[in-house]
Every structure is written in C-alpha cells, then in structure tokens.
Amino acid sequence: MRKIPRLLQAVLVIGFVYAAFVVVFDVFLEQVIPASLLTMYMFFVIAGVFMVFTFTEESTRELVAPIKALVEDPSRKAIRNIVFAVLPLAVAAYTYFSTLPSYQAPVELRSIHPAPPSTVRAFEKRYDLLTLENPFRKYEKEDPEKFKQLVVEGGNVYTSNCQFCHGDKLDGKGPYAQGLNPVPLNFQDVGTIAQLQESFLFWRIATGGPGLPKEATPWSSSMPVWQKFLTEDEIWKVILYLYDYTGHQPRSWQHD
Amino acid sequence: MIEKRNLFILVVTLWTGFVAPAAAKSGDPDAGAEIYTQFCIHCHGEEGDAVTETADRLNPPPRDFTTAQYKIKATDFEDDFPNDLDLFRMIRDGMPGSAMPGWSDVLSDQQIFDLVAYIKIFAGLEEEELGPSMEYGEQIAISAESIEQGKRLFHEGDRCSECHGKEGRGDAIKGLKDDAGFRTWPRNLTKPWNFRASNDPKDIFTRISTGIPGTQMPAFADPTSDKQLTAEERWHVANYVNSLAKTERVVRPENTVVKADHVNGELPDAVDDPLWEKTEPSTFFLVPQLIGEERFFTPSNDTITARALYSDTEFAILLEWDDRTKSIPGDETAEKISDPEIAEDGVAIQLPVKIPEGSEKPYFGMGDATNPVTIWHWKSGTTDTPQSVNLINATGFENIEQRDAASLSITAQGFYQDGTWRVIMKRPRSGVDKEKDIELIEGKAIPIAFAAWDGSNSEQGSRHTMTAWYWLLLKPDIGARPIVSAAFAGFLVFGVLLWWQRSASSKRATKDV
C-alpha cells in the first residue's frame, strides 16, 4: 500500500476534526456551533496537529517537502502557475467577506437558574426561602382525594394564566412562545423544575421577570409578576400541578 | 433557516401522510375518559361543555362538545358531523391559530381514538353512522394558469373577497359572528401558520367544499348556493389560496436586527417609495400584553414588519402590519363591521433613552426606575380628529410622562390599504433634551420594541399586542474598506509566493554555476 503523504495526512486529520465538531453540534446537540467557539477549537487542533507532525526533524522535512517542491521544483511549472493565481484570489475573497460587517445582534449571556436570595418580599410579607414549604404538599400523603382536587384547581390556574407561553403540555411551546425572548421554560425538561425546590418556584412565580437578579437579565424576561394577578394559595396550587403533570419530584432539603 | 424549516415541514408532511391511519380504529371510551380528565378538562370542561375559567380568555373559545358542532371535517358538505378520522386528525395535529395544541407527542394513535370515542358521547354521537370522506375528483396540480383561474373565481362576484379581502388578508367588509355569537375574523390567507387545518391545497379544497361549520365560512360545494363551485374550480381556488402565503413579511427567527440603510439627502415620505423596497424587512411576532394590568388575552394582530432608513440628520422607520379593520371612530362602515364600540388603531415603537453601554437594558414593559424609555405612539385618528403621534417617556407602567411630539419634530403618517397599515415615523437623529431623548448613533446596537392596537378588537390602553426587545442598527457606511483590504491581502500573498520562488531559482542558478 502506498503511504499517504504526510501533508495530506495532516490536512485530512484537521478536516475530519472540523467535520466532527460541526456534526456533533448540529446533529446531536441540535444547535449551530458559534463561529467564535469553532475558531478557537480549530486553532488548538491545528496547533496540536502541527506539533505532532513536526516532532522530529525528519518528519518536519517530510511535511513541508511537497510545498517546497511545488514552489521550487522547475518541473512543476504548470501547477505552480495555477496555485499562484488561485491562492492570492482566495485570500482576497476571504478578506473581503470577513471585513464586510455582519450586523449581528450583540451576544447576550444569561443565567437561567440564578441563585435564589435567602429571603424574598412578596404579598407584603417576607419569606425565608430556606424554610419555606408548600402548605399543600402534605395532603399528597394525608388526604389523596383532597390533593387531587388541589391539583385540578392548580391546573385551572395554569391553563387560564400560564399556558399562553409555557404551553398546555408544559413543554414551553405555548401559542405565544415564539414571540418571546428569552423563550419560556419547558417544565417537562429534566433540567428545570426537577432540579428546583418548591420555594424557588414560589419566588420565581411571585416576583416574575423583574424579581430576577441582574445576571438573569430581568429587563428582558416576559415572566409576569404573578403576585399582581394570583393569590398565594393559587401559586402553591399551580406548583403542585407543575410537578403532578410532569411527574417530576421537587427537590427538598432533606434529600440533598 | 428558511430552507431548514421548509425541509422540516416537508418531512413532517411526508411522515404524517405516511403514518396517518387509512381507516379509523375503534376507540375505548372508558380509556378515553381517563385521558380526557388528565389533559382536556381545563379547556373543554369536565362535562365537555367548555364552561371553564380558561374559555373566557380564549378567542376562538374551546369547542363545546355537547353541540356536536365541529369546524374541521372532510365528510360531505351535507353531512352534519365529521367522521372519526377528522376528529382524530384535529386532536393529533392541533389547530394552529388557536389554543388547541396537537397531542401526537404525548398520546399514541390508539389513545387518540379512545378520546374520539369518548368526546362523541357528550353529544350522543356515538350511535351516529358517520359519513365517509368527500369526493375530491381529479386534483389539479399547482401551475401559473391554475392560480390565475383561481384568482378570477376568488374575486368573481366577490365570492371570497367579500370576507377575505382583495388581497386575502381577511379585511372583511361586513361584520361576522359565529353561531354562538362570538366575533370571528375571516382567516388572513397570507398567514398560513394560522390555518386550523393547513394550507396544503387538499386541505383548502376541503374547507372550500364544506365550509367551516358554525362560522360564516360557507360551503361552496353546495349546489343551492349561487356562488357554488365545481370540484375543478375548487382546485383552482385552492391553488390560488395556497399561493397567497408567499410573502416576504414572514418571521425569520434568526433575524433580530432592524438594519437601517444610509441615504444621502431627504428620507422618503411615501410608503411606496422604491427606497423602502431596497431595505431589508424584519418581521417579528406580536404577543398580547400579559404582564401589566389590565391583561389582554384575545389579540387579532400577530406580526409586525419594520424597515428603517437614516440620513446624516434624520431617522425614519416604516412599520407594516396586517389589520383586518381600519378603525376610525365615528366612521359608519368601520362601526358597522365591528362590535359597537371602536377605538383608534395604533402602533408604537419603544427605545431606551440612553443606548446601553453594557448588557443592561430598560425593562421591556415601559422601562424601569433606573432605565427610562421613550415611546413614539401613532394613532389612526377619528372622523373629527386627524392622525396623531404622541411622545411618551416612561420609567414603568405607572410612571408616564406625556410630552409634545412636535417639540422634537417627530412626525408620523399612516396609510391603510387592503388589510394592511403602513406607518412612517420620522425624527431628527439627535434629540432636544439629552436627559430625555435618545441620540440615534450609527453603528450602535439600539434596543427597540414594538406595540400595536386594533381598535375594532377592543384594543385600547393596556389592551394591545407587543414584542420583546429586538435591535435597531444604523448600518455604518463602510465605504471602500473591504475592497482595499482584499486587494492588499491578495497582493501580499502573491508577492510572498513570487519572492520565494524567485529566490529559490536564483539559489539554484548560483549552485549550477
């Protein structure tokens, strides 16, 4: 079997890694890899490949031999002329398109589950989030019939207030979800309410978007300040509904 | 992105077409009852009568199953009821443009047929022999000629345009209520994402044939109607309606920036000035105002399109949105179409008073105590007062300062045609008062948000539609920079190559000597 030239090997390795990045992000993670991130990764990849391929003097020579030959070997005149025409044009085109401004929106970073404060003011009271519990949770064991009724009531609160954005199936895809930025949370996702305590939800619901700390961009969150529209009991019931519907369990201090 | 979505739709259509059960399966009503209690009662009610807390906040309201009145059916127009497959499909795919979601990601086909069996009981339909699907005749493929034919039939004797408007935007010329007395809006046919079924020609054919029971949408297969259409004609009309969806005013989620082009000299005053055509439109979803008292749940507008231009001294923005009614209080026709009381139509843009340096912006709902916003609010006028523009500065819903728009030379002019408002707003780029007026600086990303009011849909004050924050960018003039740098880089590389080759061959020459 003929050996693949070292230069071609290096190019193939880099190309393969590049394709792998794009495929992993686009297909498996279902999000386009940010250009800046890709550039950074590829910088390290190219540097790494270069280091490996120039480890000994001989391997270095092998690597650059084809390039050297192309430029210096008189017998390669035809191909050299082509490269001398194409390469500068390619560089010029690349420079042209990269100097054109892209007019992209500024990148905005945002923490989705910011650390809760230890106490929170709502309904003209102060709540200690470390000890705050859902007053209705106990009925789950003590009086299942009553609990079921409370869940239904929570469902009515949810459907007449929350489903517009968070979706009737609690999947974050309500009729108006597409018009919001940031998008509404998907409660079915294991990364949302399943990771949180009921007291955290109470805080987030009662004080809404404007109650968020700065790292969570309170100015852009469309989450209403629900203490304006719901009672304390309604908030606790709707929290029951969220867990009941999705089958998630709230986190509690005892288990942590 | 667009292509991706089209591909997605194609895949879904192929897939659903593929897996759609050819024949209805029989369902188990008892199993259905359980699923119904879990997923459907909050809208359709335990008794199936749609008497729920939610129902009041939804337009269209959830279906009342006790009436056996269904909108979407593919049975013959003379049949009173849809068949099991019709119901199956509506539950599986949902009804876009309403709160009714599709359930295919949660429920299996069998479970959906169980639901069908159960909901029929509410109206005693379980004993009915439900009809087969209607006759479709020979489907006529989409072509320019067919679309042309369809267009003629659509307008002939105001057959469809009477309700759907000249351009299909649903700008009816008469008031419409459904059988239950709710206000219905004729569908805006240029917005296929609101079709309860879909805008596939076959679905449109079905709707044209049977109408939409319970609403004003007539059945055109009905031979007793003087506007009746043959099957062949219905295919032409369906192809035409399908073609109406091709508009440039669609939301592209990746486009969050309104890019203003630079113009030398005067900015245009006319909405049809060719300069506007050359600027890139950005379209955003409008959502009802649900964050402040009084909340608003039943919007009629769902998108707004913005284009912007600027000169050395002035800034202009063209706002376009579909509104089925030109709401001019005092105007007789306008008042006849709507429910008794109408208010002015309106549109507004919101900007921060200071362009944010970091990531912090004012609260998108009219600013906050530390970050004021400025709002330019145009109103359509009444029969007694002309169109007007108001200037408002706010630091939250409750803290609003009304200012004189004229003092800042803000002007706004609106034009209504065939179901679309077009409003141009203008302002000098620098304000009068540094503390209150934003300086519109080129090259900076400026947060911008929009709001709209449909006065014939009881929208007034806090009852309106709005958007999240997006961006406005006055595109800086880049001049010849890209060309110059490209030429420079190209020549540099060429030079280096040449030098390398030359020095190598001269080395060879010395060696040879």
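Chain A is divided into domain 1 (6-99) and domain 2 (119-246), with bounds that come from an automatic or database domain assignment. The centres of domain 1 of chain A and domain 2 of chain A, taken over C-alpha atoms, are 51 Å apart. Chain B is divided into domain 1 (19-123), domain 2 (144-247), domain 3 (253-474) and domain 4 (483-507). Between domain 3 of chain B and domain 4 of chain B the centres, again over C-alpha atoms, are separated by 54 Å.

This is a predicted model, in which local features need pLDDT of at least 70, side-chain atom pairs count only at pLDDT 80 or more, and totals for chains, interfaces and linings use all residues. Residues are numbered from 1 along each chain as its sequence is written, chains are lettered from A in the order in which they are written, and side-chain values use heavy atoms, with hydrogens and water left out.

The predictor gives the complex an ipTM of 0.87 and a pTM of 0.85. For chain B the mean pLDDT (the predictor's confidence in each residue, from 0 to 100) is 90, and 95% of the residues reach 70 or more. Residues 1-19 of chain B stay under 50 in pLDDT, and the model has 7 contacts for them beyond four places in sequence; a contact means heavy atoms within 4.5 Å.

Over all chains, the structure holds 33 aromatic pairs. Rings of Phe, Tyr and Trp (its six-membered ring) pair if their centres lie within 6.5 Å; planes under 30 degrees apart count as stacked, over 60 as edge-to-face and the rest as tilted. Two of the pairs are tabulated.

| Pair | Centre distance | Plane angle | Class |
|---|---|---|---|
| A:Trp226 and A:Phe229 | 5.8 Å | 70 degrees | edge-to-face |
| B:Phe154 and B:Tyr240 | 5.2 Å | 70 degrees | edge-to-face |

B:Phe154 lies in helix α6 (residues 144-155) of chain B and B:Tyr240 in helix α9 (residues 231-243) of chain B, so their pair ties together parts that are 86 residues apart in sequence. Helices (H or I, at least four residues) are DSSP runs, numbered from the N terminus. B:Phe154 counts as buried at 1% relative accessibility, and B:Tyr240 at 6%. Buried means under 20% relative accessible area (1.4 Å probe, protein chains only). A:Trp226 and A:Phe229 are buried too.

A:Phe229 also has the charged end of B:Arg295 over its ring, 4.0 Å from the centre. A charge sits over a ring if NZ of Lys or CZ of Arg is within 6 Å of the ring centre and within 35 degrees of the ring normal. A:Lys146 lies over the face of A:Tyr139, at 4.4 Å from the ring centre. Ring pairs also link A:Tyr158, A:Tyr241, A:Tyr245, B:Phe39 and B:Trp103 into a cluster.

How values were computed: Buried means under 20% relative accessible area, exposed over 50%, partly exposed in between (1.4 Å probe, protein chains only). Helices (H or I, at least four residues) and strands (E, at least two) are DSSP runs, numbered from the N terminus.
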